[in-house]
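Hi everyone, thanks for coming.

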Amino acid sequence: MKLFRILAAVSAIACITPASAEVFRWVSMPDAQFYAENVLADGVQFTDPRGTGMIYSDITQWIVEQQGTANEIHYVQQLGDLVQNGEIVDEWDLAEAAMDILEEAGVIDGAEEGNHDCAFGFDNCRDDLGLGSYHQNYLTYFGPQSDYAGSTFADQPWYRSSPSGVSNAQLINFNGRKLGFINISIGNPQAELDWAKELVASEPDRIFIVGSHMLNYDGAFYSGRETEPVTAPALGLTTPVPFYPRTFEPFPLYIAGTPVNPFSPDLAAELEAYTSSGEMGNFGQNVYQELTTQYPNVLLLHSGHNCG
């Protein structure tokens, strides 16, 4: 009988038999954006005097140094917010350089898009100004056609991506065990979730670990106000519904099962557009219901964004 052991920070799947123990270890790296911002010390007590950018590369270098030891790490899952300011190319260059240390050493990695990775401002992940795709920098630096040790991610036999390229997966075979890591784009858009479900269904003998930048939401949840009833007559919401304080476009919050964008001047048109585009997002509970409960080979959901 095989057992699974999950550890925090440096996680491991242990396939244990009476005669041997083979451990697959991976690192989950959430929210490295302050490293990419490369803040200098300037008297700040907890900042590396070399700049926070060095911490980013120190982490990946440490992972590489574990190769060939008893603590060898076989995979790194970056849980989103690779950068602090998605429109600043210098931050992307720094993040890419840090992750390149892994790739050049042969450590497989995957990265999710977080809210700070949006190219036109992290609180409005949507191109209202006609400037181009808000995914553009993420795709350039970490998408299917981005550099991977002199080649591209798409060229790697273990790599898969959604049609949009903003979600990806790494399929790894380790000592007879088939493992898969899925990275779903920020807000869990329905089209990306559907792609993940198809991949999991197509590999029933592969164990999957699924990451998304946001599976838990903050604000009212933390203060115990998640069921506080409110109304929003300007949005046509005259019946009291649970209050959720934050929204990130184009994955609006679900209120009573309906996605709502509080900033929209035309709520009905927005809802129709989100529904038809596949961009409509999902709370972590939706991901759990549609993915984890439906497929027994999904072992774990985890995320970044929130502390604790």
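Let's start with helix α5 and what its buried residues pack against: the strands β7 (159-161), β8 (168-174), β9 (177-184), β10 (207-212) and β15 (298-303), plus the helix α7 (284-292). Do keep in mind that this is a predicted model.

Which residues of α5 are buried? They are Q190, E192, L193, W195, A196, K197, L199 and V200. As a reminder, an α-helix has 3.6 residues a turn, so residues three or four places apart point the same way. The helix itself covers residues 190-202, which makes 13 residues. From first C-alpha to last, α5 reaches 18 Å, close to the 18 Å expected at 1.5 Å a residue.

Now for the nonpolar cores. The largest one has 22 residues, and Y56, V76, L82 and F142 touch the most other members. Elements giving two or more residues to this core are β2 (21-29), α2 (53-65), α3 (89-104) and α4 (136-142). The largest share, 6 residues, comes from α3.

A second, separate core has 15 residues, among them I184, W195, A196 and V298.

Finally, let's step back to the whole chain. How many helices and strands are there? The chain has 7 helices and 15 strands. Of its 308 residues, 51% count as buried. The accessible surface comes to about 13900 Å², and 55% of that belongs to carbon and sulfur atoms.

Methods
Residues numbered from 1 in each chain as written. Predicted model: local features only at pLDDT ≥ 70, side-chain atom pairs only at ≥ 80, totals over all residues. Heavy atoms only, no water. Helix = DSSP H or I, 4+ residues; strand = E, 2+ residues; numbered from the N terminus. Buried < 20%, exposed > 50% of the residue type's maximum accessible area, 1.4 Å probe, protein only. Areas by Shrake-Rupley, 256 points an atom, 1.4 Å probe, with all protein chains shown as cover. Core = buried A, V, L, I, M, F, W, Y, C linked by side-chain atoms within 4.5 Å. Expected span 1.5 Å × (residues − 1). Contact = heavy atoms within 4.5 Å.
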